[in-house]
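Hi,

Here is the structure I promised to pass on. Have a look at it first, and my notes follow below.

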Amino acid sequence: GTYYIYLSTPKFDEDVQVEYEMVIGSGLKSGVDYELLNPGNSVTFLPGIYEMPIRIRWIANPIDPSKNNSIKINLISNNKGYTIGLPGPDQLQKSFIITKIK
């Protein structure tokens with residue numbers, strides 16, 4: 001699957017680097033249930049680019065429904081001091097959860 005990080009800012013002239021972390025649920029194993037295709041833990045938005053992908057290759061493998069079969073993507077920081085998530089104290093959309101269902 002391809003999951004996007006969107007940058008919502010006025011026009012910018014310098015690269016914007018966004019750091020993120022992946023929190024893997026206890027029911028998933030790398031190389032068995034999924035493979036992370038992005039190297040590292042950041043994406044770089046070049047001037048004029050406003051969406052960048054995080055790619056996960058899901059592997060057909062039965063899951064244990066009693067375990068946490070999700071990957072959580074947490075946006076951590078950026079090199080320009082932009083607000084992460086929606087404005088406001090809750091910073092909604094700062095984290096995304098993807099759950100493997102089969």
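One cut-off before the rest: a residue is called buried when its relative accessible area is under 20%, exposed when it is over 50%, and partly exposed in between. Please keep in mind that this is a predicted model.

By that cut-off R57 is partly exposed, because its relative accessible area is 40%. Its salt-bridge partner is E35, with the closest N and O atoms 2.9 Å apart. E35 also counts as partly exposed, at 32%. E35 sits in strand β3 and R57 in strand β5, so the pair ties together parts that are 22 residues apart in sequence. The two residues stand opposite each other, and three bridges join the antiparallel strands β3 and β5.

Those strands belong to an open three-stranded sheet with the order β1-β5-β3 and antiparallel pairing. Its edge strands are β1 (2-6) and β3 (34-36), and the twist averages 30° from one strand to the next.

How many salt bridges does the structure hold? There are three. In one of them, K80 meets E14, with the closest N and O atoms 2.5 Å apart. K80 is in the loop between β6 and β7 and E14 in the loop between β1 and β2, so this pair ties together parts 66 residues apart in sequence. Another joins K100 to D33 at 3.3 Å, N to O; here both K100 and D33 are buried.

Finally, the largest nonpolar core has 17 residues, and I5, V16 and F45 are among those with the most contacts inside it.

Cheers

Notes:
Residues numbered from 1 in each chain as written. Predicted model: local features only at pLDDT ≥ 70, side-chain atom pairs only at ≥ 80, totals over all residues. Heavy atoms only, no water. Pairing = 2+ DSSP bridges. Helix = DSSP H or I, 4+ residues; strand = E, 2+ residues; numbered from the N terminus. Axes fitted to C-alpha atoms, helices over the stretch in contact; angles between N-to-C directions. Core = buried A, V, L, I, M, F, W, Y, C linked by side-chain atoms within 4.5 Å. Buried < 20%, exposed > 50% of the residue type's maximum accessible area, 1.4 Å probe, protein only. Salt bridge = Lys/Arg side-chain N within 4 Å of Asp/Glu carboxyl O.
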